[in-house]
Amino acid sequence: MTCWETFQAYSLRSLGYGERLLPREGYDLCQHFTLIGSGLIWNIYFGALALAFGFFLANALALAKASRSRWVRKPAEWFIFVFRGSPLFIQFFLAYETLVLLPKAGIDIFGMTIQTAWTTKAWAGALFVLFLNTAAYSAEIFHGALQSIPKGDLEAAEAYGISGWKKFSRIEWPTMLRLGWPAYTNEAIFLFHATTLVFFSGFPAFQQRGDALYYANYFADKTFNPFIPYPIVGFYFILITLALIWGFGRVNRYLNRHLPSNMKARIRLRPSLIR
């Protein structure tokens, strides 16, 4: 089988397309890169969706933690404390064991039966844990940025008659993002790295459709050589990290576009004709 045929057969195997059986011989570099790259689709799925949904929950938690109301502030503080204080690996196992205890026949709510079997699948259960975990860490970042907003900016907004929702949407929220974005970039990178823990969690891979580490472990078991598949996983994640740094860097430049350091200086030629 040529490398192109291998790519056609296994590039989308983790999604259920192409060859159903894993390779039984050869185990060349083309198979390594293709199958591990196929599994990487699930890592990107976990990271991208958890980051997208977690961003909005993190903003809400940051605002709740900064609230003056004890009934709003305390639940947000405890949520952040629990998910930041416990290991992600333990959270995976506790979530899986909790979801397994749900009735297999479903839960009856207002005469409607809601199925629960799908919650124990990795694509749903593991994603839910990653979503809550990154929301807690990101909320602490945004809360710190919210507390770091210069008081002069808020006082200037009030002096211009800007208050309430308009002050938050035009002054507080953009400034919070601008101050917290570099740290949030690191959280995004850590989140994508944390997706490799799904392989070790209790959430099973459906029909041998696992993530990148699943296929790397398969090759390591078959060839007894971990020094080829695992560095390939690391190489793929380095590419993801570079893509995240580039994408988040562009957003950071957009958020700080009004600062003098980010403005392109114009070259002014002023020839001195008369001395």
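This is a predicted model: local features need pLDDT of at least 70, side-chain atom pairs count only at pLDDT 80 or more; totals for chains, interfaces and linings use all residues.
User: Which residues of helix 1 are called buried, and what makes them so?

Analyst: Helix 1 covers residues 3-10, and its buried residues are T6, A9 and Y10. The word buried requires a relative accessible area under 20%, so T6, A9 and Y10 fall below that limit.

User: How do you know on which side of helix 1 they lie?

Analyst: These residues cover an arc of only 75° around the axis, and therefore they lie on the same side of helix 1.

User: What do the buried residues of helix 1 pack against?

Analyst: Their partner is helix 2, residues 29-65. Contact means heavy atoms within 4.5 Å.

User: How many helices and strands does the protein chain have, and what pattern do they follow?

Analyst: There are 9 helices and 2 strands. Along the sequence the pattern reads α-α-α-α-β-β-α-α-α-α-α.

User: How does the radius of gyration of the protein chain stand against that of a compact globule? What does the C-alpha trace span?

Analyst: For 275 residues, a compact globule would have a radius of gyration near 19 Å, whereas the protein chain has 24 Å. The value for the chain is thus above that of the globule. Along the principal axes, the C-alpha trace spans about 80 × 70 × 30 Å.

User: What share of the protein chain is buried, and what share of its accessible surface belongs to carbon and sulfur atoms?

Analyst: Of the 275 residues, 41% are buried. The accessible surface comes to about 17100 Å², and carbon and sulfur atoms hold 65% of this area.

Note on methods. Residues are numbered from 1 along each chain as its sequence is written. Side-chain values use heavy atoms; hydrogens and water are left out. Buried means under 20% relative accessible area, exposed over 50%, partly exposed in between (1.4 Å probe, protein chains only). Helices (H or I, at least four residues) and strands (E, at least two) are DSSP runs, numbered from the N terminus. The arc is that of the directions from the helix axis to the C-beta atoms. The radius of gyration is taken over C-alpha atoms; the globule rule is 2.2 Å times the number of residues to the power 0.38. Accessible areas come from the Shrake-Rupley method with a 1.4 Å probe; for residues, only the protein chains shown count as cover.
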